[in-house]
Amino acid sequence: MASQVDAAELTKSLIQCASVTPDEGGALTLLETLLSEAGFECTRADRGEVSNLFARWGARGANKSFGFNGHTDVVPVGDEAAWSVPPFGAVEKDGMIWGRGATDMKSGVAAFAAAAIEFVQDTPPDGAVILTITGDEEGDAIDGTTALLEHMQKAGERMDVCLVGEPTCPNEMGEMMKIGRRGSMTAWFTVTGVQGHSAYPHRANNPLSAMVRLMDGLASAELDQGTEHFDASTLAVVTIDTGNGATNVIPAQSRACVNIRFNDSHTGASLTAWLEGEAAKVRDAFGVGIDMKVKISGESFITP
Ligand SMILES: [Zn+2]
C-alpha cells in the first residue's frame with residue numbers, strides 16, 4: 001500500500017526549515033530522506049557553500065524521463081518585527097499557509113515531490129522520474145542548477161522534459177504555465193560631479209541632479225509593449241545611495257542601481273547599449289561623469 005505524502009503538511013515542514021541562501025536549513029535533508037524512503041536514488045550535488053539534491057526513480061539514462069526542478073532556499077526575512085506571523089512558523093490562517101517561501105517556492109517543491117512519490121507508487125512508470133532541487137536560486141545562482149546540470153552530464157543522467165515549479169499563476173493554481181523565461185540584468189551607475197557648498201551651487205556640479213534625471217528617464221521609459229508569450233519588459237530603480245550627512249554640502253558622487261526583467265524582444269547586449277545611450281545623454285546634458293557596470297544574470301528564452 002502506498003504511503004502517500006500530504007503536500008500541505010510537507011509545505012509546512014519545508015517552511016519550518018530556515019533555509020536562507022546558502023543555508024539549506026534542513027530542507028534538502030528532509031526531501032532527501034522522504035524521497036529515499038519512496039525508492040528514489042538520491043545524490044547530493046553540493047558545490048561551494050550550496051547544497052543541491054538530485055533524485056531519480058527508475059533507471060539512469062532511461063528512454064523516457066520526466067524531470068522537476070525547484071529550489072528550497074529563500075530570501076532573508078528582513079525586519080522580523082514587521083512580520084504578522086513568524087517567518088518560519090508555517091502558521092495556517094484563513095485557509096492559507098503563511099511563511100517565508102510559502103509561495104516561492106516551497107509549496108511548489110512540496111507539490112511536485114508529493115505528486116512524484118504518489119505517481120511512482122500508484123502507477124510505476126516505464127521510465128524515470130527525476131527531481132532536481134537547488135539551494136541557490138535566490139543567491140548568485142552559480143552553484144545551484146548549473147552544478148546539478150554538471151553532475152547530470154558527468155553521471156550520464158538525462159531528462160526529456162522538465163517542469164519548473166516556480167509560481168507563475170497570478171490568481172489561481174493552474175491558471176498559467178510558462179514556456180520560457182524573462183531575462184534579468186542589473187546595472188550600477190556612479191555619477192561624479194563637483195562637490196561644493198550648497199549656498200553656492202553654481203560653483204559645484206551636483207551629481208544628484210543628473211542622477212535623478214537619469215533614474216527618472218530609465219524608470220519611465222517604455223521598453224516594449226509585451227510579446228506573444230511575455231508581458232512588457234520592466235525596469236525598477238532599486239536603490240539610490242549618496243550617504244551625504246551634511247545639509248549644506250553638495251556631494252561629489254551618487255550611486256544607483258536598476259534591475260531589468262526583459263522579454264524576448266531584447267537581449268542583455270541590446271539593453272546595455274540602450275542604458276549606455278541614456279547615460280551618455282545625461283552626462284552630456286549635465287557635464288558629469290557617469291560610470292556604469294552591468295551584470296546579465298540570464299537572457300530571455302522560449303522553449304516551444
Ligand atoms: Zn523561486
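A nonpolar core is here a set of buried Ala, Val, Leu, Ile, Met, Phe, Trp, Tyr and Cys residues joined through side-chain atoms within 4.5 Å, where buried means under 20% relative accessible area with a 1.4 Å probe and protein chains only. The model is predicted, so that local features need pLDDT of at least 70 and side-chain atom pairs count only at pLDDT 80 or more, while totals for chains, interfaces and linings use all residues. Residues are numbered from 1 along each chain as its sequence is written, and side-chain values use heavy atoms, with hydrogens and water left out.

**View 1. The largest nonpolar core has 25 residues.** Leu 31, Leu 35, Phe 40 and Leu 131 touch the most other members. At least two residues each come from α1 (7-15), α2 (27-37), β2 (53-57), α3 (102-122) and β6 (128-134), these being DSSP runs numbered from the N terminus (helices H or I, at least four residues; strands E, at least two). The greatest share, eight residues, is from α3.

**View 2. A four-stranded open sheet has the order β11-β13-β9-β14.** The pairing, which requires at least two DSSP bridges between two strands, is antiparallel. Because β11 (234-241) and β14 (289-298) each have a single partner strand, one side of each is left without a neighbour in the sheet. β11 pairs with β13 (residues 253-262) over seven bridges, and Asp 241 stands opposite Arg 255 in β13.

**View 3. Helix α5 (residues 207-220) lies across β9 (183-192), β11, β13 and β14.** Its direction runs at about 5° to β13, with axes fitted to C-alpha atoms, for helices over the stretch in contact (heavy atoms within 4.5 Å), and angles from 0 to 180 degrees between N-to-C directions.

Definitions and conventions: Buried < 20%, exposed > 50% of the residue type's maximum accessible area, 1.4 Å probe, protein only.
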